[in-house]
Amino acid sequence: MNNILRPLALSASIFLAGTLGAQTIIPLQRGQGGIRSKTVDDYKREQHTDKREQSDSLAYVDNLRRAFNALYADSLGQAETLFNEALKLRPAAEGNHIIKYNLGLVDMARGRNVQAVEKLTAVIKDYPNYFDARLARAEANLQLGRAAEAQDDAQQVLDQPELDGITPQLLERARFVRAAARYQLRLFTEAHADLQHIISANPQNTNAQILDALTLQQMGQPKEALNRLNLIVSAHPDMVDALSTRAAVEAELNMPALARADYDRLVELQPNESAYYIERAKMLLRLGEKKAARTDLDKAIKLGVPHGMVQPLLLQAK
């Protein structure tokens with residue numbers, strides 16, 4: 001989150017400024033027309049209001065500072081609480097859209113993608129050129145399987161590169177989101193073209209490389225996909241996404257021993273991820289190692305996988 005510290009600068013310059021107004025009051029209540037001079041009571045009321053607003057502003061800034069520190073520490077629940085408290089203190093503060101954007105990111109990180117889309121949509125309604133929020137909404141929609149909506153958001157960013165705030169990094173992110181949406185929509189040729197554009201400009205983008213390998217697999221080129229993944233894993237031997245993708249391609253190419261080796265490593269890296277035990281069990285069954293497969297399936301069940309979900313594999317492992 002490259003812009004998450006932006007609200008702190010806003011709060012210091014805007015919310016802690018003095019609030020001395022003009023010396024004339026225009027009452028707007030019905031039946032109180034005309035202009036009158038201030039009284040001593042008016043000044044007392046204003047002084048009380050100024051002190052309260054200053055106190056709220058200090059608490060607002062403190063909540064923001066603590067919230068962003070909590071984000072850095074991955075304390076998402078604490079960050080969410082502090083952000084919401086800040087919004088209650090200064091509901092009309094300039095820069096609150098950035099807080100709401102970050103609350104949307106917290107929702108995404110906690111798997112609440114429907115809520116994230118709702119929050120980000122509200123932000124985009126008021127700030128249509130807030131492209132970080134638009135791409136975050138696209139990513140949440142991808143998680144929800146709403147690929148067409150995700151593609152639309154990414155396209156809007158890609159169609160307006162001349163606007164302020166459109167950086168090469170943002171364009172790369174938008175192109176990747178569009179590629180992922182096209183992959184979900186089974187537009188593999190178009191997704192491949194986007195990914196090749198990204199990789200050509202930034203050969204270090206491993207996410208684009210992995211997705212491109214998956215795209216090649218879907219385009220009927222699993223061996224080329226495997227070659228690409230071998231290169232990625234050679235450069236990043238402990239990259240979970242690359243290992244799991246390579247294992248899946250190896251399984252499709254009927255290379256159960258190689259896939260099993262990748263799942264061995266994945267289990268070492270993430271011992272509480274039940275999916276890896278299930279996938280390794282499938283490879284073990286192909287290799288005729290029923291006892292080892294049963295051990296993996298039992299482990300997956302202990303990690304919370306419903307017994308019925310792996311029942312067909314358990315029958316094969318007898």
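In the predicted model, helix 15 comprises 13 residues, 290–302. Four residues of helix 15, Ala 293, Asp 296, Leu 297 and Ala 300, are buried. Because these residues cover an arc of only 100° around the axis, they lie on the same side of helix 15. The cover over this buried side includes helix 14 (274–286) and helix 16 (311–316). On the other side of helix 15, two lysines, Lys 291 and Lys 302, are exposed. Just after the helix, Gly 304 adopts a positive phi of about 115°.

Helix 5, formed by residues 113–126, contains 14 residues. The distance from its first C-alpha to its last is 20 Å, close to the 20 Å expected at 1.5 Å a residue. The buried residues of helix 5 are Asn 113, Ala 116, Val 117, Leu 120, Val 123 and Ile 124. Viewed down the axis of helix 5, these residues fall within an arc of 130° and therefore line one face of the helix. Their packing partners are helix 4 (96–109) and helix 6 (131–143). The face of helix 5 turned away from the buried side carries Glu 118, Lys 125 and Asp 126, which are exposed.

Technical notes: Residues numbered from 1 in each chain as written. Predicted model: local features only at pLDDT ≥ 70, side-chain atom pairs only at ≥ 80, totals over all residues. Heavy atoms only, no water. Expected span 1.5 Å × (residues − 1). Buried < 20%, exposed > 50% of the residue type's maximum accessible area, 1.4 Å probe, protein only. Arc of directions from axis to C-beta. Contact = heavy atoms within 4.5 Å.
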